[in-house]
Amino acid sequence: MVPLIELRGAIPIAIGMDLGLPEWAVLLIALVGNILPVPIIYLFAQKVLKWGQKCKIKWFKKFCNFCLEKGKKAGDKLLKKVKGGTYVALYLFVAIPIPGTGAWTGTLAASILNLDFKKSMLAVILGVITAGLIMLLISLGVFKIIFGG
């Protein structure tokens with residue numbers, strides 16, 4: 001559930017530490033932990049950030065302004081590039097298993113851009129599942145076996 005790391009860190013750590021869990025359980029726990037905050041982020045993040053813009057605590061106000069401005073700017077740029085493929089782009093963004101491209105960031109972007117809730121949730125959840133499967137395969141060394149090394 002930790003932002004930026006999400007299941008991209010949880011799966012390799014769990015596999016590497018050999019916690020005695022079967023791989024399917026590691027994947028399932030990581031998926032559930034990554035997906036649980038998604039609707040909450042979508043529904044409340046933008047509201048909290050907009051409230052924070054009015055806050056008297058300077059650093060928090062600055063942070064909220066930064067998040068909203070950066071999110072809107074990046075989102076508008078993305079929307080111009082992808083035209084009708086917004087939800088496919090959101091799915092791909094979340095599915096790429098590198099830090100910073102996960103469910104938290106994708107959902108926050110969808111919220112700031114006022115994208116459709118159900119379509120955004122579907123794209124993000126499918127992206128999380130894809131990223132989880134990729135990370136599990138990498139953690140198990142399947143790519144090493146396939147590509148030699």
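Predicted model: local features only at pLDDT ≥ 70, side-chain atom pairs only at ≥ 80, totals over all residues.
**View 1. Helix α1 and its buried residues.** Helix α1 comprises residues 6-17. Because its 12 residues should span 16 Å at 1.5 Å a residue, the 17 Å between its end C-alpha atoms agrees with expectation. E6, L7, R8, G9, I11 and A14 are the buried residues of this helix. These buried residues pack against α2 (23-35), α5 (86-95), α6 (103-112) and α7. Just after α1, D18 adopts a positive phi of about 45 degrees.

**View 2. Packing of helix α3 against helix α7.** The axes of α3 (residues 38-52) and α7 (residues 117-139) lie 10 Å apart, and the two helices pack at an angle of about 140 degrees. Therefore α3 is oblique to α7. The crossing of α3 past α7 is right-handed. Helix α3 contributes V38, P39, Y42 and L43 to the contact, while α7 contributes F117, S120, M121 and V124. By class, 7 of the residues in the contact of α3 with α7 are nonpolar and 1 is polar, with no charged residues.

**View 3. Packing of helix α3 against helix α6.** Here α3 and α6 pack at an angle of about 55 degrees, with 8 Å between their axes. This angle makes α3 oblique to α6. Helix α3 passes α6 in a right-handed crossing. On α3, the contact is made by V38, I41, Y42, A45, Q46 and L49; on α6, the residues are A103, W104, T107, L108, A110, S111 and I112. The contact of α3 with α6 includes 10 nonpolar and 3 polar residues, and no charged ones.

Definitions and conventions
Residues numbered from 1 in each chain as written. Heavy atoms only, no water. Axes fitted to C-alpha atoms, helices over the stretch in contact; angles between N-to-C directions. Helix = DSSP H or I, 4+ residues; strand = E, 2+ residues; numbered from the N terminus. Parallel < 35°, antiparallel > 145°, perpendicular 65-115°, else oblique. Left-handed = near helix turned anticlockwise from the far one by under 90°. Contact = heavy atoms within 4.5 Å. Nonpolar A, V, L, I, M, F, W, Y, C, P; charged D, E, K, R; others polar. Expected span 1.5 Å × (residues − 1). Buried < 20%, exposed > 50% of the residue type's maximum accessible area, 1.4 Å probe, protein only.
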